Amino acid sequence: LEALASHDKDDDAVGPEVPRPPRQSEVPEAIYEPLVAALYRDPADVDLAQVAATIGRDVDPELLGAVLDVPPAELTPRLTALAENRILDIVPSTGAVRFHHALQRDLAYDLQPREIRDARHRRIAAMLRQTALHEGNRGVWAEVAAHHDRGNQPSDAVAAYVEAANELRQSGALHEARSLLDRAVELAFSDPALEPQEIDLRLRRSYLAVSTEGFASGAAVADLERAASLADHPERIPQRISVLTSTWAFRGARGELTAQRATAEDLGELVADSPGLSAQNMAGLGIADFLAGRHGEAYRLLTTATGDWEKAPPLAAESAGWHVPNSPGVSMYTHLGVSAWFVGDSSIEDYFALAGELASTQAFPTNAFSRCYLLGYQGWILTEEGRLDDALGAYGEMAGLGDQHGFDFWTITAMIHMEVVAARTLLSRSDPNPRELTDAAQRLARVTAIWTGLNTRAYEPYPLTWHAALLAAAGSSGAVPAFTEAFRLMDTLGLD
């Protein structure tokens, strides 16, 4: 409306020929010609407006001048003229330039021939990349990625999206990081030449999915299945190692214990020449035994594995070959501690302390996620020892970390275990109220159903058993079916 009100019909007679709108232009045809007339009032500045539109909403004049190869002394008066013509506005607080109206930006962008527009995106991406690499301004990687993407440079775009996602992950913005990887995966999936990059992208995205949704995340499983099909190639052994390691983790959480052990055995053949990775894999076999209830064998394997791991030369990274947000070392020491408790070794606190120290040295989200992993097992042992207040403290810390960082799985896990502690507290009374017992059983059943929905079947027998115990103490006829369901699930999972 503003353009129509200020439009002089005589402009059509003396101005340049008005280009027709592109077929997919966002500018309504009713105001197209007035906007074009205003933009072409000084044809010499059309390129300037188009480059500004290509850069984005808020335009740094220094970047704009660099892309146009125009010195500041020449650029400033041209920007002033466009501001006077109400094409551009200059933001007083930052000195940035933006279009007076979003439709003007859309128009300036749409009027560029595709090949020129793509070339400008590529030039902008290259300059922003230099800023990121050489001036330490790493916050621009998302912009770099977007310009490579729009400039039809998929490989460069994928690399920049990874950099941007890494920054967001480290800052705690896990969902935002995942959304950038979504676009990177789309690009890689559409180009067979980018298959190796697609494997890496899906491993990274599954890592973020596990961080928020837990080890059995359906999104993570889908990514890993696709990555496994791509990594099944003799020249992609390192990537296959990473895929199998992540697959081992989700199989355990889902209760697919036979398949988990087979995955570890396949992995063992691939890492035989790496002492560090071999030790991690032996620990994986020990953890599989632990989940199946074979605590003596788990203790034996984990004791050997941690000893070998401590003596092995450091890996290129502590989590080399490991695309799970839980530190492998934390997992090893945690399970060694719990296995030691089951076989009567009093070193459990020493192993838990080692796990805690190692978790604290990791980058985010591995540090907080690994801490939650350790707290889960600490709380469990404290519950089994009857130290219920201490157990609630561990689960409270887990819930706090889950809420703080968006680790929904750990928040839910803490909630379930707190209900188990509440059940244990009720059952420890000399004369518990049947109504309270029934209410507690119902609460525990509701929260355990969330685990069922997340497909974390390996962990369900524990709360299901306490649910049945509550019903039995309340004198409910539902106790026998509840115990039967818990034992049936243990048999299905192959738990000893």
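Arginine 226 is partly exposed, because its relative accessibility of 27% falls between the cut-offs of 20% and 50%. In this predicted model, arginine 226 meets the side chain of glutamate 198 in a salt bridge, with 2.8 Å from N to O. Side chains of opposite charge can pair when their charged atoms come close. Let's look at this pair and some others, then visit the largest pocket.

**Arginine 205 and aspartate 223**

- Another salt bridge forms between arginine 205 and aspartate 223, whose closest N and O atoms are 2.8 Å apart.
- Here, too, helix α12 and helix α13 are involved: arginine 205 lies in α12 and aspartate 223 in α13, so the pair ties together parts that are 18 residues apart in sequence.
- Are these two residues buried or exposed? Both arginine 205 and aspartate 223 are buried.

**Glutamate 213 and arginine 178**

- Glutamate 213 pairs with arginine 178 in a salt bridge, and their closest N and O atoms are 3.0 Å apart.
- Because glutamate 213 lies in helix α12 (residues 195–213) and arginine 178 in helix α11 (residues 174–189), this pair ties together parts that are 35 residues apart in sequence.
- Glutamate 213 is partly exposed, with a relative accessible area of 28%, whereas arginine 178 counts as buried at 17%.

- A network of salt bridges links Asp182, Glu198, Arg202, Arg205, Asp223 and Arg226.

**The largest pocket**

- The largest pocket has a volume of about 670 Å³.
- Its lining is made up of 27 residues, and the closest to the centre of the pocket are Phe290, Trp380, Ala458, Tyr459 and Tyr462.
- Which helices supply at least two residues each to the lining? Among them are α16 (275–291), α18 (328–343) and α20 (366–384), along with α22 (408–427) and α24 (461–473).
- Sorted by class, the lining of the largest pocket has 19 nonpolar residues, six polar ones and two charged ones.

Terms used. Residues numbered from 1 in each chain as written. Predicted model: local features only at pLDDT ≥ 70, side-chain atom pairs only at ≥ 80, totals over all residues. Heavy atoms only, no water. 1 Å grid on protein atoms, 1.4 Å probe; cavity = no way out; pocket = protein on both sides within 12 Å on 5 of 7 lines; lining within 4 Å. Points joined across faces, edges and corners; volume = space filled by probe spheres on them. Helix = DSSP H or I, 4+ residues; strand = E, 2+ residues; numbered from the N terminus. Nonpolar A, V, L, I, M, F, W, Y, C, P; charged D, E, K, R; others polar. Salt bridge = Lys/Arg side-chain N within 4 Å of Asp/Glu carboxyl O. Buried < 20%, exposed > 50% of the residue type's maximum accessible area, 1.4 Å probe, protein only.
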